[in-house]
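Please look at the sequence and the model first, and then read on.

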Amino acid sequence: MSSWKGLKKRAEAFESIGVRVLGVTSDSQAQVGAFHQALGLPFTLVSDPLLQSAQVLGVPVSSAKSYFSTLAVHPVIRELPKKGFLQPAVLVWKEEALVYEWYQVETLRNLFGANGRPSPQQILEIVESSMRGETGVSR
């Protein structure tokens, strides 16, 4: 949740350099709507409980092993049709070019937050550097 709040705080900065933020989650449409409204997010969140975006965007989905090992501590994943969950990821494009990508390594701890995910400020700095042509794809 803190990452969403951080992105919200920097929404104008992203907009000023011509970048739009889009969030994709495996949560239900009702959950996404409630979350979006509660936080007053100025960008779009997409509900993808079938995990179709994972294939299109190349975002990893948890393995069957991690799915079954997490049932005891996170029973809500039982509701996911593919018996898995999206791994946290950050993807940034400049026009059609991918300029930055970060994917969470699958661990049990992912259920409670993405370990090592770049902060919203770091993402903004990466995007700003990219817009100035200073960086290529980085991980």
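## Two paired strands

Two strands pair if DSSP finds at least two bridges between them. In this predicted model, strand E1 (residues 22-25) and strand E2 (residues 44-47) are joined by 4 bridges and pair in the parallel sense. Within this pairing, the residue that stands opposite Thr25 is Ser47 in E2.

## Aromatic pairs around Trp4

How many aromatic pairs does a search of the whole structure find? The search finds 2. Trp4 and Phe35 form an edge-to-face pair, with 6.4 Å from centre to centre and 75 degrees between the planes. Because Trp4 lies in helix H1 (residues 2-9) while Phe35 lies in helix H3, this pair ties together parts that are 31 residues apart in sequence. Trp4, at 21% relative accessibility, counts as partly exposed, and Phe35 is likewise partly exposed, with a relative accessible area of 25%.

Trp4 and Phe43 form an aromatic pair that is tilted, with their centres 5.8 Å apart and 35 degrees between the planes. Here Phe43 lies in the loop between H3 and E2 and Trp4 in helix H1, so the pair ties together parts that are 39 residues apart in sequence. Phe43 is buried, because its relative accessible area is 8% and a value under 20% counts as buried. Taken together, the ring pairs link Trp4, Phe35 and Phe43 into a cluster.

## A buried arginine without a salt bridge

Arg10 is placed in the loop between H1 and helix H2 (11-16). Is Arg10 buried or exposed? Arg10 is buried, yet Arg10 has no salt bridge. The nearest side chain of opposite charge is that of Glu125, which is 7.5 Å away, whereas a salt bridge requires a side-chain nitrogen of Lys or Arg within 4 Å of a carboxyl oxygen of Asp or Glu.

As for its surroundings, Arg10 touches Pro120, Gln121 and Leu124, when residues up to four places away in sequence are not counted.

Notes. Residues numbered from 1 in each chain as written. Predicted model: local features only at pLDDT ≥ 70, side-chain atom pairs only at ≥ 80, totals over all residues. Heavy atoms only, no water. Helix = DSSP H or I, 4+ residues; strand = E, 2+ residues; numbered from the N terminus. Phe/Tyr/Trp six-rings, centres within 6.5 Å; stacked < 30°, edge-to-face > 60°. Buried < 20%, exposed > 50% of the residue type's maximum accessible area, 1.4 Å probe, protein only. Lys, Arg positive; Asp, Glu negative; His and termini not counted. Contact = heavy atoms within 4.5 Å.
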